[in-house]
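Here is a short note to read with the structure open beside you. Take the points in order and find each residue as you go.

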Amino acid sequence: MRTGPRSSTVLDELSEVLFAPLPRSDQRVKGALYLRGLIAAEGRKSIRNIAAQVGGPELAQSLHHFIASSTWDWEPVSSALQHHADSELRFTAWVVHGLPMPRRGRQAVGVWGVASDVTVPVKWNLLRSGEEAADCVVAATRVCDRSTIGPRPVVLDVPGADLRPVFDRYAQDGAPLLAAVPGNLPVLDRGPGRGSRPFPAARLLQLNRMVRRPVEWTDPATGTLRRSLVGGVRVEWAGHPLLLVGQWDGGQEQPVRCWLTNLTTTPLGVLLRLAKFTQRVEQDRAGSASHVGALDDYEGRGSDGWHRHMTLAAAAHVAQVLAAARARVRPWTHCMVSMERMGHQL
(Lines give C-alpha, C1' and ligand atoms only; values in the text may rest on other atoms or scores of the structure.)
Protein backbone atom coordinates (compact mmCIF):
# COMPACT_ATOMS: atom_id res chain seq x y z
CA MET A 1 0.00 0.00 0.00
CA ARG A 2 1.30 3.45 -0.88
CA THR A 3 1.78 6.02 1.80
CA GLY A 4 1.32 9.76 1.59
CA PRO A 5 1.70 12.83 3.77
CA ARG A 6 -1.41 12.00 5.77
CA SER A 7 -0.96 8.23 5.92
CA SER A 8 2.54 7.43 7.02
CA THR A 9 1.62 4.45 9.19
CA VAL A 10 -0.62 1.42 8.93
CA LEU A 11 -3.02 3.05 11.38
CA ASP A 12 -3.05 6.35 9.52
CA GLU A 13 -3.87 4.60 6.26
CA LEU A 14 -6.57 2.47 7.82
CA SER A 15 -8.11 5.42 9.67
CA GLU A 16 -8.26 7.44 6.47
CA VAL A 17 -10.12 4.64 4.72
CA LEU A 18 -12.49 3.72 7.55
CA PHE A 19 -13.58 7.13 8.75
CA ALA A 20 -14.00 8.83 5.39
CA PRO A 21 -17.76 7.99 5.48
CA LEU A 22 -18.22 9.86 8.78
CA PRO A 23 -19.88 13.23 8.11
CA ARG A 24 -18.08 15.32 10.77
CA SER A 25 -14.40 15.98 11.25
CA ASP A 26 -14.63 15.56 15.03
CA GLN A 27 -16.09 12.07 14.52
CA ARG A 28 -13.23 11.16 12.20
CA VAL A 29 -10.70 12.36 14.80
CA LYS A 30 -12.37 10.42 17.62
CA GLY A 31 -12.60 7.32 15.46
CA ALA A 32 -8.85 7.40 14.82
CA LEU A 33 -8.17 7.98 18.53
CA TYR A 34 -10.40 5.09 19.55
CA LEU A 35 -8.74 2.74 17.08
CA ARG A 36 -5.31 3.77 18.30
CA GLY A 37 -6.36 3.35 21.92
CA LEU A 38 -7.74 -0.14 21.31
CA ILE A 39 -4.30 -1.27 20.16
CA ALA A 40 -2.34 0.58 22.84
CA ALA A 41 -4.50 -0.33 25.87
CA GLU A 42 -3.47 -3.39 27.83
CA GLY A 43 -5.96 -5.68 29.51
CA ARG A 44 -9.68 -5.04 29.23
CA LYS A 45 -10.52 -2.70 26.36
CA SER A 46 -12.79 -0.46 28.42
CA ILE A 47 -13.36 3.09 27.29
CA ARG A 48 -11.52 4.33 30.37
CA ASN A 49 -8.44 2.27 29.47
CA ILE A 50 -8.65 3.35 25.84
CA ALA A 51 -8.91 7.04 26.79
CA ALA A 52 -5.92 6.75 29.12
CA GLN A 53 -3.74 5.73 26.18
CA VAL A 54 -4.70 8.52 23.78
CA GLY A 55 -5.45 11.61 25.84
CA GLY A 56 -6.00 10.92 29.50
CA PRO A 57 -9.04 10.22 31.72
CA GLU A 58 -10.72 13.49 30.72
CA LEU A 59 -11.24 12.02 27.23
CA ALA A 60 -13.26 9.05 28.51
CA GLN A 61 -16.64 10.82 28.53
CA SER A 62 -16.16 12.13 25.01
CA LEU A 63 -15.17 8.70 23.67
CA HIS A 64 -18.05 7.07 25.53
CA HIS A 65 -20.48 9.43 23.78
CA PHE A 66 -18.78 8.73 20.44
CA ILE A 67 -19.35 4.99 20.82
CA ALA A 68 -22.56 4.74 22.84
CA SER A 69 -24.80 7.58 21.70
CA SER A 70 -23.30 9.41 18.73
CA THR A 71 -25.14 9.44 15.40
CA TRP A 72 -22.53 7.89 13.13
CA ASP A 73 -23.47 4.72 11.29
CA TRP A 74 -21.18 1.75 11.83
CA GLU A 75 -22.31 -0.11 8.68
CA PRO A 76 -20.38 2.02 6.13
CA VAL A 77 -17.28 1.82 8.33
CA SER A 78 -17.63 -1.97 8.50
CA SER A 79 -18.04 -2.18 4.72
CA ALA A 80 -14.96 -0.02 4.20
CA LEU A 81 -12.99 -2.31 6.53
CA GLN A 82 -14.17 -5.40 4.66
CA HIS A 83 -13.14 -4.06 1.27
CA HIS A 84 -9.82 -2.64 2.51
CA ALA A 85 -8.79 -5.85 4.28
CA ASP A 86 -9.76 -7.90 1.23
CA SER A 87 -7.74 -5.71 -1.13
CA GLU A 88 -4.68 -5.93 1.15
CA LEU A 89 -4.80 -9.61 2.14
CA ARG A 90 -6.65 -11.17 -0.83
CA PHE A 91 -9.06 -13.51 0.93
CA THR A 92 -9.68 -16.95 -0.52
CA ALA A 93 -12.81 -17.64 1.56
CA TRP A 94 -15.17 -16.16 4.13
CA VAL A 95 -16.02 -17.75 7.48
CA VAL A 96 -19.25 -16.80 9.24
CA HIS A 97 -18.95 -17.96 12.83
CA GLY A 98 -21.49 -17.73 15.64
CA LEU A 99 -20.59 -17.45 19.32
CA PRO A 100 -22.95 -17.33 22.33
CA MET A 101 -22.73 -14.32 24.65
CA PRO A 102 -24.25 -15.49 27.95
CA ARG A 103 -23.90 -12.10 29.63
CA ARG A 104 -26.10 -10.51 26.99
CA GLY A 105 -28.30 -13.51 26.28
CA ARG A 106 -27.67 -13.18 22.56
CA GLN A 107 -25.42 -14.56 19.85
CA ALA A 108 -22.53 -12.75 18.22
CA VAL A 109 -21.87 -13.55 14.56
CA GLY A 110 -18.50 -12.67 13.12
CA VAL A 111 -17.58 -12.52 9.44
CA TRP A 112 -13.90 -13.39 8.92
CA GLY A 113 -11.77 -13.20 5.82
CA VAL A 114 -9.41 -16.14 5.28
CA ALA A 115 -6.13 -15.49 3.48
CA SER A 116 -3.27 -17.88 2.83
CA ASP A 117 -1.76 -17.65 6.32
CA VAL A 118 -4.01 -15.33 8.36
CA THR A 119 -7.65 -14.79 9.20
CA VAL A 120 -9.15 -11.46 10.27
CA PRO A 121 -12.62 -10.34 11.39
CA VAL A 122 -14.24 -7.77 9.14
CA LYS A 123 -17.73 -7.56 10.62
CA TRP A 124 -19.61 -8.42 13.81
CA ASN A 125 -23.33 -8.64 14.45
CA LEU A 126 -25.27 -9.10 17.69
CA LEU A 127 -28.34 -11.18 16.97
CA ARG A 128 -31.47 -12.46 18.65
CA SER A 129 -32.92 -14.95 16.19
CA GLY A 130 -31.85 -17.43 13.55
CA GLU A 131 -33.73 -15.51 10.89
CA GLU A 132 -31.65 -12.41 11.64
CA ALA A 133 -28.54 -14.57 11.45
CA ALA A 134 -29.56 -15.75 8.00
CA ASP A 135 -30.02 -12.17 6.83
CA CYS A 136 -26.61 -11.29 8.28
CA VAL A 137 -24.92 -14.19 6.51
CA VAL A 138 -26.42 -13.34 3.15
CA ALA A 139 -25.67 -9.63 3.38
CA ALA A 140 -22.22 -9.80 4.93
CA THR A 141 -20.65 -12.26 2.53
CA ARG A 142 -21.87 -10.79 -0.76
CA VAL A 143 -19.12 -8.19 -0.89
CA CYS A 144 -16.84 -9.30 -3.71
CA ASP A 145 -16.82 -7.81 -7.18
CA ARG A 146 -17.34 -10.90 -9.30
CA SER A 147 -16.24 -9.11 -12.45
CA THR A 148 -12.69 -8.99 -11.07
CA ILE A 149 -12.22 -11.69 -8.45
CA GLY A 150 -15.27 -13.93 -8.56
CA PRO A 151 -17.22 -15.38 -5.62
CA ARG A 152 -15.29 -16.92 -2.75
CA PRO A 153 -16.71 -19.89 -0.81
CA VAL A 154 -18.47 -19.11 2.44
CA VAL A 155 -18.00 -21.46 5.40
CA LEU A 156 -20.94 -21.08 7.76
CA ASP A 157 -21.06 -22.24 11.38
CA VAL A 158 -23.88 -20.44 13.20
CA PRO A 159 -25.67 -22.84 15.59
CA GLY A 160 -29.42 -22.40 15.55
CA ALA A 161 -29.53 -20.26 12.40
CA ASP A 162 -32.29 -20.89 9.87
CA LEU A 163 -30.29 -22.06 6.86
CA ARG A 164 -33.15 -22.20 4.37
CA PRO A 165 -33.05 -18.54 3.28
CA VAL A 166 -29.26 -18.73 3.13
CA PHE A 167 -29.24 -21.69 0.73
CA ASP A 168 -32.11 -20.10 -1.22
CA ARG A 169 -30.10 -16.93 -1.82
CA TYR A 170 -26.83 -18.70 -2.56
CA ALA A 171 -28.56 -21.03 -5.03
CA GLN A 172 -30.16 -18.02 -6.70
CA ASP A 173 -26.79 -16.27 -6.99
CA GLY A 174 -24.79 -19.38 -7.87
CA ALA A 175 -22.47 -18.67 -4.92
CA PRO A 176 -20.50 -21.43 -3.11
CA LEU A 177 -21.56 -22.31 0.44
CA LEU A 178 -20.49 -24.92 3.00
CA ALA A 179 -22.58 -24.95 6.19
CA ALA A 180 -22.18 -26.94 9.40
CA VAL A 181 -25.43 -28.72 10.28
CA PRO A 182 -26.59 -30.77 13.28
CA GLY A 183 -26.49 -34.53 12.97
CA ASN A 184 -30.26 -34.78 13.49
CA LEU A 185 -31.12 -32.55 10.50
CA PRO A 186 -33.56 -34.50 8.26
CA VAL A 187 -32.41 -34.82 4.64
CA LEU A 188 -33.56 -36.83 1.63
CA ASP A 189 -31.23 -39.38 0.05
CA ARG A 190 -31.01 -38.68 -3.71
CA GLY A 191 -29.24 -41.92 -4.53
CA PRO A 192 -30.69 -44.32 -7.14
CA GLY A 193 -33.53 -46.48 -5.88
CA ARG A 194 -33.92 -44.53 -2.65
CA GLY A 195 -37.32 -43.65 -1.26
CA SER A 196 -38.59 -40.26 -0.22
CA ARG A 197 -38.34 -40.86 3.53
CA PRO A 198 -36.00 -38.36 5.23
CA PHE A 199 -33.09 -39.55 7.36
CA PRO A 200 -31.18 -37.68 10.07
CA ALA A 201 -27.95 -36.46 8.46
CA ALA A 202 -25.61 -38.42 10.73
CA ARG A 203 -27.68 -41.62 10.29
CA LEU A 204 -27.63 -41.31 6.49
CA LEU A 205 -23.87 -40.84 6.52
CA GLN A 206 -23.50 -43.85 8.78
CA LEU A 207 -25.51 -45.99 6.34
CA ASN A 208 -23.18 -44.85 3.54
CA ARG A 209 -19.92 -45.10 5.50
CA MET A 210 -18.49 -47.49 2.89
CA VAL A 211 -17.78 -44.42 0.67
CA ARG A 212 -15.42 -42.89 3.23
CA ARG A 213 -11.85 -42.07 2.28
CA PRO A 214 -8.87 -40.81 4.33
CA VAL A 215 -8.07 -37.10 4.10
CA GLU A 216 -5.15 -35.21 5.61
CA TRP A 217 -5.55 -31.74 7.09
CA THR A 218 -3.48 -29.45 9.29
CA ASP A 219 -4.66 -28.83 12.85
CA PRO A 220 -4.55 -25.02 13.32
CA ALA A 221 -4.10 -25.35 17.08
CA THR A 222 -0.93 -27.45 16.89
CA GLY A 223 0.23 -27.19 13.28
CA THR A 224 0.38 -30.98 13.10
CA LEU A 225 -0.87 -33.05 10.18
CA ARG A 226 -3.96 -35.08 11.02
CA ARG A 227 -5.95 -37.68 9.14
CA SER A 228 -9.73 -38.20 9.19
CA LEU A 229 -12.18 -40.30 7.23
CA VAL A 230 -14.54 -38.26 5.06
CA GLY A 231 -17.63 -39.34 3.15
CA GLY A 232 -20.23 -37.61 1.03
CA VAL A 233 -23.81 -38.42 0.02
CA ARG A 234 -25.95 -36.55 -2.50
CA VAL A 235 -29.11 -35.35 -0.78
CA GLU A 236 -32.00 -32.97 -1.17
CA TRP A 237 -32.74 -30.41 1.52
CA ALA A 238 -35.14 -27.46 1.47
CA GLY A 239 -35.68 -28.10 -2.24
CA HIS A 240 -31.98 -27.90 -3.13
CA PRO A 241 -29.72 -30.68 -4.48
CA LEU A 242 -26.75 -30.67 -2.11
CA LEU A 243 -23.86 -32.80 -0.92
CA LEU A 244 -23.94 -34.01 2.68
CA VAL A 245 -20.39 -34.36 4.03
CA GLY A 246 -19.32 -36.15 7.19
CA GLN A 247 -16.07 -36.47 9.13
CA TRP A 248 -15.14 -39.49 11.23
CA ASP A 249 -12.32 -39.67 13.77
CA GLY A 250 -11.05 -42.85 15.35
CA GLY A 251 -13.29 -45.90 15.17
CA GLN A 252 -16.65 -44.16 15.56
CA GLU A 253 -19.57 -45.38 13.49
CA GLN A 254 -21.31 -42.01 13.25
CA PRO A 255 -19.60 -38.87 11.98
CA VAL A 256 -18.35 -36.29 14.46
CA ARG A 257 -19.22 -33.36 12.16
CA CYS A 258 -21.70 -32.86 9.32
CA TRP A 259 -21.91 -30.20 6.60
CA LEU A 260 -24.20 -29.38 3.69
CA THR A 261 -22.76 -27.77 0.57
CA ASN A 262 -23.75 -26.76 -2.94
CA LEU A 263 -20.17 -27.58 -4.04
CA THR A 264 -21.36 -30.99 -5.16
CA THR A 265 -18.44 -31.76 -7.51
CA THR A 266 -15.62 -30.52 -5.27
CA PRO A 267 -13.27 -33.25 -3.93
CA LEU A 268 -13.98 -34.32 -0.35
CA GLY A 269 -10.46 -33.45 0.78
CA VAL A 270 -10.88 -29.88 -0.42
CA LEU A 271 -14.24 -29.61 1.36
CA LEU A 272 -12.86 -30.86 4.68
CA ARG A 273 -9.92 -28.48 4.58
CA LEU A 274 -12.34 -25.68 3.72
CA ALA A 275 -14.52 -26.63 6.70
CA LYS A 276 -11.47 -26.47 8.99
CA PHE A 277 -11.19 -22.73 8.30
CA THR A 278 -13.64 -22.37 11.19
CA GLN A 279 -11.02 -23.80 13.55
CA ARG A 280 -8.41 -21.41 12.15
CA VAL A 281 -10.75 -18.53 12.90
CA GLU A 282 -11.39 -19.74 16.45
CA GLN A 283 -7.66 -20.13 17.04
CA ASP A 284 -6.91 -16.63 15.75
CA ARG A 285 -9.79 -15.12 17.72
CA ALA A 286 -8.50 -16.65 20.95
CA GLY A 287 -4.95 -15.48 20.19
CA SER A 288 -6.01 -11.92 19.44
CA ALA A 289 -8.36 -11.37 22.39
CA SER A 290 -5.71 -9.89 24.67
CA HIS A 291 -4.55 -7.54 21.91
CA VAL A 292 -7.76 -6.14 20.45
CA GLY A 293 -10.40 -7.08 23.01
CA ALA A 294 -12.96 -9.77 23.75
CA LEU A 295 -16.62 -9.86 22.75
CA ASP A 296 -17.75 -8.83 26.24
CA ASP A 297 -15.36 -5.90 26.68
CA TYR A 298 -17.92 -3.26 25.76
CA GLU A 299 -19.58 -2.05 28.97
CA GLY A 300 -22.51 -0.14 27.47
CA ARG A 301 -26.03 -1.49 27.14
CA GLY A 302 -27.12 -0.46 23.66
CA SER A 303 -26.57 -2.70 20.65
CA ASP A 304 -25.55 0.27 18.46
CA GLY A 305 -22.69 1.03 20.84
CA TRP A 306 -21.64 -2.63 20.83
CA HIS A 307 -21.61 -2.69 17.03
CA ARG A 308 -19.52 0.50 16.86
CA HIS A 309 -17.04 -0.84 19.42
CA MET A 310 -16.75 -4.25 17.72
CA THR A 311 -16.37 -2.67 14.27
CA LEU A 312 -13.36 -0.74 15.54
CA ALA A 313 -12.06 -3.80 17.43
CA ALA A 314 -12.13 -5.69 14.12
CA ALA A 315 -10.25 -2.79 12.54
CA ALA A 316 -7.63 -3.00 15.31
CA HIS A 317 -7.21 -6.71 14.54
CA VAL A 318 -6.75 -5.95 10.83
CA ALA A 319 -4.22 -3.20 11.62
CA GLN A 320 -2.12 -5.55 13.73
CA VAL A 321 -2.14 -8.24 11.03
CA LEU A 322 -1.27 -5.77 8.26
CA ALA A 323 1.59 -4.34 10.31
CA ALA A 324 2.93 -7.82 10.99
CA ALA A 325 2.60 -8.78 7.32
CA ARG A 326 4.64 -5.75 6.25
CA ALA A 327 7.31 -6.63 8.77
CA ARG A 328 7.14 -10.29 7.66
CA VAL A 329 6.60 -11.54 11.19
CA ARG A 330 3.77 -13.38 12.91
CA PRO A 331 0.87 -11.25 14.18
CA TRP A 332 0.50 -10.25 17.83
CA THR A 333 4.23 -9.63 18.38
CA HIS A 334 4.09 -5.86 17.91
CA CYS A 335 3.19 -3.18 20.37
CA MET A 336 2.03 0.30 19.41
CA VAL A 337 5.57 1.74 19.30
CA SER A 338 6.79 -0.89 16.87
CA MET A 339 3.78 -0.25 14.61
CA GLU A 340 4.61 3.42 14.48
CA ARG A 341 8.24 2.64 13.70
CA MET A 342 7.26 0.27 10.88
CA GLY A 343 4.98 2.84 9.34
CA HIS A 344 7.64 5.51 9.14
CA GLN A 345 10.04 3.09 7.48
CA LEU A 346 7.66 2.23 4.62
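1. Start at Ala133. Leaving out residues up to four places away in sequence, Ala133 touches Leu127, Val158 and Ala161. Keep in mind that this is a predicted model.

2. Now place Ala133 in its element. Ala133 sits in helix α6, which covers residues 130-140. Is Ala133 buried or exposed? Ala133 is buried, because its relative accessibility is 0% and the cut-off for buried is under 20%.

3. Look also at Val109. In sequence, Val109 and Ala133 are 24 residues apart. In space, their C-alpha atoms are 7.4 Å apart.

4. Move on to Thr311. Thr311 belongs to helix α11, residues 303-327. Thr311 has a relative accessible area of 4%, so Thr311 counts as buried. The side chain of Thr311 has a polar atom 2.7 Å from the backbone oxygen of His307.

5. Which residues does Thr311 contact, leaving aside its neighbours within four places in sequence? They are Trp74, Val77, Ser78 and Leu81.

6. Stay with α11 and bring in helix α2. Two packed helices are described by the distance between their axes and the angle between them. Helix α2 spans residues 25-40, and its axis comes within 9 Å of the axis of α11. The two axes cross at roughly 65°. The crossing of α2 and α11 is right-handed.

7. Next, the residues at this crossing. From α2 come Tyr34, Leu35, Leu38 and Ile39. They meet residues of α11, including His309, Leu312, Ala313 and Gln320. How many residues of the contact of α2 with α11 are nonpolar, polar and charged? Nine are nonpolar, two are polar and none is charged.

8. Turn to the strands. Strand β8 holds residues 213-218, and strand β9 holds residues 225-237. β8 and β9 pair in the antiparallel sense, over six bridges. To see the pairing, find Arg213, which stands opposite Val230 in β9.

9. Six residues lie between the strands. In this hairpin, Gly223 takes a positive phi near 75°.

10. Finally, step back to the whole protein. Its secondary structure comes to 12 helices and 11 strands. The protein has 346 residues, and 51% of them count as buried. Take the contacts in the protein with a separation of 6 or more: residues 24 or more positions apart account for 58% of them.

Methods. Residues numbered from 1 in each chain as written. Predicted model: local features only at pLDDT ≥ 70, side-chain atom pairs only at ≥ 80, totals over all residues. Heavy atoms only, no water. Pairing = 2+ DSSP bridges. Helix = DSSP H or I, 4+ residues; strand = E, 2+ residues; numbered from the N terminus. Buried < 20%, exposed > 50% of the residue type's maximum accessible area, 1.4 Å probe, protein only. Polar contact = N/O pair within 3.5 Å; in protein donor to acceptor, adjacent residues only side chain to side chain. Contact = heavy atoms within 4.5 Å. Axes fitted to C-alpha atoms, helices over the stretch in contact; angles between N-to-C directions. Left-handed = near helix turned anticlockwise from the far one by under 90°. Nonpolar A, V, L, I, M, F, W, Y, C, P; charged D, E, K, R; others polar.
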